[in-house]
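Here is a protein to explore together.

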Amino acid sequence: RDDSRVTAVADTAMAYPWKHFIAGHMGRLGTRADMALYQQLPKPDPLACAHLHHRRKNHPVPRIFITGSTDGLGRAAAGALIGEGHDVVLHARSRERAAALSDLAPDAAGVVIGDLSSAAETRELAGQVNKIGRMDAVIHNAGVYLEPSRGTTAEGHAKTLAVNTLAPYLLTALIGRPDRLIYLSSGLHHAGTGSLRDIDWTSRSWNAARAYSESKLHVTALA
């Protein structure tokens, strides 16, 4: 029997229901981070201060990987979980974006870097995570919203599909199986079509809102 728990949670509504799910299973998450305050904090080199901090020998805590943890909900979750004493592995799509993690990195379990719009970098990212060690939970939070164009990736995919659908799928397959997988979905998945025809938007005229809705339907189905 597979005891792994897989859950899709929505990012819609002001109450952020996903926070309550995490709170019920991994400790109180707290309120949403004050992003304006974070932006005022000093920004030393994150790669110099990112390291595996000492785990408490007699009190092991969950190790949690969060994609897209440089801003928004991912950063809010990372900051709150670190504050609760969890070992959190942070993610940024580039070294430049990792600068936004300079205040969180010293207390994190590590910082991994990879652009999820690239299949090659996504595979490398999974390798970085596995080198740190087994995760107790993986939160697939990273995503793009209303892309102005299809934005063809190096592999020829629409950027929205690559980041929102294919990356979570690849990471799920390549990262050592955690106890819990959490996929951040959206109520907008109701607007997605169930058809898999032209999933990559090679024939249809680009529609950013529809592409986003479909990607969230895909990740809900994945969960």
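By class, how many nonpolar, polar and charged residues does the lining of the largest cavity have? Keep that one in mind while we get our bearings; the answer comes with the cavities. One thing to know at the start is that this is a predicted model.

## The overall plan

The protein chain has seven helices and six strands. If you follow the elements from the N terminus, they come in the order β-α-α-α-β-α-β-β-α-β-α-β-α. The chain is 223 residues long, and 48% of them count as buried.

## Strands side by side

Let's start with S5, residues 137–140. Ala137 and Ile139 point one way from this strand, Val138 and His140 point the other way, and all of them are buried. S5 has a partner in strand S2 (residues 63–66), and the two run parallel, joined by three bridges. In that pairing, Ile64 has Ala137 as its bridge partner. S5 also runs parallel to S6, with four bridges joining them. Here you can find Ile139 opposite Ile182 of S6.

Now try S4, residues 110–113. Gly110 and Val112 point one way, Val111 and Ile113 the other way, and again all are buried. S4 pairs with S3 in the parallel sense, over four bridges. If you want a spot to look for in the viewer, Val89 stands opposite Gly110.

## The largest pocket

Rolling a probe the size of a water molecule over the atoms shows where empty space is left. In this model, the largest pocket holds about 600 Å³ of space. Its lining is made up of 27 residues, and those nearest the centre are Asp71, Asn141, Ala142, Gly143 and Val144.

Which elements each supply at least two residues of that lining? They are helix H4 (72–83), strand S3 (87–92), helix H6 (159–174) and helix H7 (208–222). H4 gives the most, with three residues. Sorted by class, the pocket lining has ten nonpolar, ten polar and seven charged residues.

## The cavities

The structure also holds four cavities of 30 Å³ or more. The largest cavity has a volume of about 50 Å³. Its lining residues are Ala158, Thr160, Leu161, Thr165, Ile199, Trp201, Trp206, Ala211, Glu214, Ser215 and His218. H6 and H7 are the elements that give two or more residues to this lining, and H7 gives the most, with four.

Back to our opening question: the lining of the largest cavity has six nonpolar, four polar and one charged residues.

## A closer look at H7

Which residues of H7 are buried? The list is Ala208, Ala211, Tyr212, Ser213, Glu214, Ser215, Lys216, His218 and Val219. These buried residues pack against H6 and strand S6 (180–185).

Gly194 is found in the loop between S6 and H7. Is this glycine buried or exposed? Gly194 counts as exposed, because its relative accessibility is 66% and the cut-off for exposed is over 50%. Gly194 and Leu217 are 23 residues apart in sequence, but their C-alpha atoms are 7.8 Å apart in space.

Most residues other than glycine have a negative phi. Asp198, however, has a positive phi, near 55°, and Trp201 also has a positive one, near 55°. Asp198 sits in the loop between S6 and H7, and Trp201 lies in the loop between S6 and H7 too. Buried means under 20% relative accessible area, so Asp198, at 19%, is buried. Trp201 is buried as well, with a relative accessible area of 6%.

Methods:
Residues are numbered from 1 along each chain as its sequence is written. This is a predicted model: local features need pLDDT of at least 70, side-chain atom pairs count only at pLDDT 80 or more; totals for chains, interfaces and linings use all residues. Side-chain values use heavy atoms; hydrogens and water are left out. On a 1 Å grid over the protein atoms alone, a cavity is a set of points where a 1.4 Å probe fits but cannot get out, and a pocket is an open set with protein on both sides within 12 Å along at least five of seven lines; lining residues have an atom within 4 Å of a point. Grid points are joined across faces, edges and corners, and a volume is the space filled by probe spheres set on the points. Ala, Val, Leu, Ile, Met, Phe, Trp, Tyr, Cys and Pro count as nonpolar, Asp, Glu, Lys and Arg as charged, and the others, Gly among them, as polar. Buried means under 20% relative accessible area, exposed over 50%, partly exposed in between (1.4 Å probe, protein chains only). Two strands pair if DSSP finds at least two bridges between them. Contact means heavy atoms within 4.5 Å.
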